Amino acid sequence: MSKDFPYIIPSPPPEVEEVFEAAQMTREYYDEIQIRSEHQKYCEWYHKTAAKHHQELEKMRGELNLFAWFRRR
C-alpha cells in the first residue's frame, strides 16, 4: 500500500520488515508445535481407548450370552 502513496505513507525501513517476518515465522513455528502436540495426545488417547474396547469385547465374547438363551426357539 505504501507503494501506491509514497509521499503520504512512507515505506518502513527494511529492518522493521525483517523483525516482523521473524516474529511471524516464530509464531507459526510455535502454532505448528502446539497442533502436532495436540494431535499426538489425541492419537495416544485413541489407541489407548481402542485397546480398552478390544479387551472389553474379548471379555464379552467369553461370557454367557443370556439374551440368546432367552430368544432360543
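Tutor: Exposed here means over 50% relative accessible area. Keep in mind that this is a predicted model.

Student: Okay, what makes Phe 70 exposed?

Tutor: Phe 70 has a relative accessible area of 62%, and the cut-off is over 50%, so Phe 70 counts as exposed. You'll find Phe 70 in helix 2, residues 66–71. Phe 70 also belongs to a nonpolar surface patch with Leu 64, Leu 66 and Trp 69, and together they have about 530 Å² of accessible area.

Student: Why is the pair of Tyr 29 and Tyr 30 called edge-to-face?

Tutor: Their ring centres are 5.4 Å apart, and pairing needs centres within 6.5 Å. Their planes stand at 75°, and over 60 degrees counts as edge-to-face, so that's the label for this pair.

Student: What makes the pair of Tyr 42 and Tyr 46 tilted, then?

Tutor: The centres are 6.2 Å apart, with the planes at 35°. Stacked needs under 30 degrees and edge-to-face over 60, so this pair is tilted. Both lie in helix 1, four residues apart, about one turn of the helix. With Trp 45, they form one aromatic cluster.

Student: How do you know that Tyr 42 is partly exposed?

Tutor: Tyr 42 has 46% relative accessibility. Buried is under 20% and exposed over 50%, so Tyr 42 counts as partly exposed.

Key:
Residues are numbered from 1 along each chain as its sequence is written. This is a predicted model: local features need pLDDT of at least 70, side-chain atom pairs count only at pLDDT 80 or more; totals for chains, interfaces and linings use all residues. Side-chain values use heavy atoms; hydrogens and water are left out. Patches are made of residues with over 30% relative accessible area and no salt bridge: like charges are joined within 9 Å, nonpolar side chains (Val, Leu, Ile, Met, Phe, Trp, Tyr) within 5 Å. Accessible areas come from the Shrake-Rupley method with a 1.4 Å probe; for residues, only the protein chains shown count as cover. A salt bridge is a side-chain nitrogen of Lys or Arg within 4 Å of a carboxyl oxygen of Asp or Glu. Helices (H or I, at least four residues) and strands (E, at least two) are DSSP runs, numbered from the N terminus. Buried means under 20% relative accessible area, exposed over 50%, partly exposed in between (1.4 Å probe, protein chains only). Rings of Phe, Tyr and Trp (its six-membered ring) pair if their centres lie within 6.5 Å; planes under 30 degrees apart count as stacked, over 60 as edge-to-face and the rest as tilted.
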